[in-house]
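I opened the notebook to log what I looked up in this structure.

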Amino acid sequence: MTKALDTNKKVGLFLVAAVVLAVLPFIVGNTLGNSWIRIIDFALLYVMLALGLNIVVGFAGLLDLGFIAFYAVGAYTYALLGSPHFGLHLPFYITIPLGALFAALFGILLGTPVLRLKGDYLAIVTLGFGEIIRIFMNNLNAPVNITNGPQGINLIDPINVGGLSLGKALQVGGTSLNSVYLYYYMFLALTVLVVIMAWRLQHSRIGRAWVALREDDIAAAAMGINIRNIKLLAFALGALSGGVAGGLFASFQGFISPESFGLLESIMILAMIVLGGMGHIPGVILGAVVLTIAPEVLRDVIGPLQMKTFGRMLIDPENARMLLFGLALVVMMLVRPEGMWPSKRRKAEFEDAKEAAAQKG
């Protein structure tokens, strides 16, 4: 009886969430404007990126500071195969899977030489890998122009589904749906697939092997887990999600350049995981949404607030936004280090650690 009630409750919550997500762009568009739908689109991209990095950091416990490199590989694959740069203009159902596969290959290439590294050493190597990819993209314009260097690639083809271009407005009855609405539903569908993939992995034998690796790699090896393969699998599957997000980003923006894939982006994605709740899929989703939307809210609030209070701008709104954003992260780590929505296991671990520290004190 209890199980049936729990199942009905979950189904009800799922249906409510589905209805809210379906009508969300219309509510936001009618109240805040299309610019905020665009922000929500980027939030969905960051959810995909955060879930991919969560496989590496949250599940397997491998600190990766160069995850943005896989995002770049997916974006440049889509751009090179779907733009006038090479004149190929391949359809999205070829370019996005290819970008994901290339990103997974790069994940294996990164994972292979760092199998014996952990902690700070692994973080430094992955950070260097991310910077190397960005520098390559910035300099592969001579002697053969492959990436167009710092000028980037523009006029990238939008996603085209059955003759419907997501880059153009769609007329439905008397209503015109802007491209940001169309991309929202495309991003939402793929985000749901990534969430399902991450959830299935977490509750599979592979997911349990990652948890064992995260807790104690020596004990995991003694239990018969192939540490080499399980690490490479984490890097590959995490990179796969990053590659998909990169291809979607390129089609959505219509322009990419190496500046879009800097170290700050990797740090931001890692912060989403830590702030939301490392290793917990709902927490990671919450962290990605909050850290995407909160800075934009601050951007709109800080400037008018200063003008109303002081009559002039004392601090540049962009600098003030990042200052308050960083301060909020520091306070969050001091007050709630397990994250906004941690898993039960991680929350119990932090509580046990607090009790142990209190007893020692």
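**Entry 1: Leu188.** I started with the accessibility of Leu188: its value is 14%, so the residue counts as buried. I was working on a predicted model throughout. I placed Leu188 in helix H6. Next I listed what Leu188 touches beyond four places in sequence, and found Leu21 and Leu44. I also checked its separation from Gly254. Leu188 and Gly254 are 66 residues apart in sequence, and their C-alpha atoms are 19 Å apart.

**Entry 2: Val180.** I stayed in helix H6, where Val180 also lies. Is Val180 buried or exposed? Its relative accessible area is 7%, which means it is buried, since the cut-off for that is under 20%. I then took the C-alpha distance from Val180 to Phe252. It is 8.5 Å, across 72 residues of sequence. Phe252 is also on the contact list of Val180, together with Asn34, Ile37, Arg38 and Asp41, with residues up to four places away left out.

**Entry 3: aromatic pairs.** I counted the ring pairs and got 15. I looked at Phe26 and Tyr181 from that set. Their ring centres are 5.4 Å apart and their planes sit at 45 degrees, so I logged the pair as tilted. Phe26 belongs to helix H1 (residues 2-31) and Tyr181 to helix H6 (residues 179-202), so the pair ties together parts 155 residues apart in sequence. Phe26 is partly exposed at 34%, whereas Tyr181 is buried at 8%.

I then turned to Phe187 and Phe252. Here the centres are 5.4 Å apart and the planes are at 75 degrees, so the pair is edge-to-face. This pair links distant parts of the chain, with Phe187 in helix H6 and Phe252 in helix H9 (residues 227-253), 65 residues apart. I found both residues buried. Which residues do ring pairs link into a cluster? I listed Phe42, Tyr71, Tyr76, Tyr183, Phe187, Phe249, Phe252 and Phe261.

**Entry 4: Thr292.** I moved to helix H11 (residues 281-310), which holds Thr292. The relative accessible area of Thr292 is 9%, so I noted it as buried. I left aside neighbours within four places in sequence and read off its contacts. They are Ile39, Phe42, Ala43, Tyr46 and Met272. Phe42 was already in my notes as part of the ring cluster.

**Entry 5: the nonpolar core.** I asked how many residues the largest nonpolar core has. It has 95, and those with the most contacts inside it are Ile159, Trp210, Leu248 and Ile256. Helix H2 (residues 34-59) gives the most to this core, with 18 residues. One background point belongs here: in soluble globular proteins, nonpolar side chains tend to be buried together.

I followed up on Trp210. Beyond four places in sequence, Trp210 is in contact with Ile55, Phe59, Ala60, Leu201, Ile230, Leu233, Ala234 and Leu237.

Entry 6: Where does Leu88 lie? I found it in the loop between helix H3 (68-81) and helix H4 (92-111). The relative accessibility of Leu88 is 43%, so I recorded it as partly exposed.

How values were computed: Residues numbered from 1 in each chain as written. Predicted model: local features only at pLDDT ≥ 70, side-chain atom pairs only at ≥ 80, totals over all residues. Heavy atoms only, no water. Helix = DSSP H or I, 4+ residues; strand = E, 2+ residues; numbered from the N terminus. Buried < 20%, exposed > 50% of the residue type's maximum accessible area, 1.4 Å probe, protein only. Phe/Tyr/Trp six-rings, centres within 6.5 Å; stacked < 30°, edge-to-face > 60°. Contact = heavy atoms within 4.5 Å. Core = buried A, V, L, I, M, F, W, Y, C linked by side-chain atoms within 4.5 Å.
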